[in-house]
Amino acid sequence: MASALERLKELLGGPACWGWARPRLWDAAEEHLGVRLPADYKAFLDLYGPGAFDGFLWVTPPPHK
């Protein structure tokens, strides 16, 4: 069975120009916020980056130091 991220890739296609992960930024953001962020949220942003679905649903990274 495909993961949720794999299914989204099937539906959305691959990223146009993002596709980079920076674990140090996630660590800094989580430390700043005082919470661990969901792995699938981080994986999605690492693959697609911030943006919107049809101008309706926005996915953005958290602030970091």
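1. Is Arg 36 buried or exposed in this predicted model? Arg 36 counts as exposed, because its relative accessibility is 63%. Its side chain meets that of Glu 30 in a salt bridge, with an N to O distance of 2.7 Å. Glu 30, by contrast, counts as buried, at 3% relative accessibility.

2. Glu 30 also forms a salt bridge with Lys 42, where the closest N and O atoms are 2.9 Å apart. This pair links distant parts of the chain, Glu 30 lying in helix α2 and Lys 42 in helix α3, 12 residues apart. Lys 42 is buried, with a relative accessible area of 15%.

3. The structure holds three salt bridges. One of them joins the side chains of Arg 7 and Glu 10 at 3.0 Å, N to O. Both residues lie in helix α1, three residues apart, or about one turn of the helix. Arg 7 is partly exposed at 43% relative accessibility, whereas Glu 10 is exposed at 55%.

4. Helices α1 and α3 (residues 39–48) pack with their axes 11 Å apart and at an angle of about 35°. The crossing of α1 past α3 is right-handed. Leu 5, Leu 8, Lys 9 and Leu 12 of α1 make the contact with Ala 43, Phe 44, Leu 47 and Tyr 48 of α3.

5. Leu 8, in helix α1 (residues 4–12), is partly exposed at 30% relative accessibility. Together with Leu 11 and Leu 12, Leu 8 makes a nonpolar surface patch of about 250 Å².

6. Cys 17 is located in the loop between α1 and α2 (23–33) and is exposed, with a relative accessible area of 70%. Its C-alpha atom is separated by 9.3 Å from that of Leu 47, 30 residues apart along the chain.

Terms used. Residues are numbered from 1 along each chain as its sequence is written. This is a predicted model: local features need pLDDT of at least 70, side-chain atom pairs count only at pLDDT 80 or more; totals for chains, interfaces and linings use all residues. Side-chain values use heavy atoms; hydrogens and water are left out. Patches are made of residues with over 30% relative accessible area and no salt bridge: like charges are joined within 9 Å, nonpolar side chains (Val, Leu, Ile, Met, Phe, Trp, Tyr) within 5 Å. Accessible areas come from the Shrake-Rupley method with a 1.4 Å probe; for residues, only the protein chains shown count as cover. A salt bridge is a side-chain nitrogen of Lys or Arg within 4 Å of a carboxyl oxygen of Asp or Glu. Helices (H or I, at least four residues) and strands (E, at least two) are DSSP runs, numbered from the N terminus. Buried means under 20% relative accessible area, exposed over 50%, partly exposed in between (1.4 Å probe, protein chains only). Axes are lines fitted to C-alpha atoms, for helices over the stretch in contact, and angles run from 0 to 180 degrees between N-to-C directions. A crossing is left-handed if the near helix is turned anticlockwise from the far one by less than a right angle, and right-handed if clockwise. Contact means heavy atoms within 4.5 Å.
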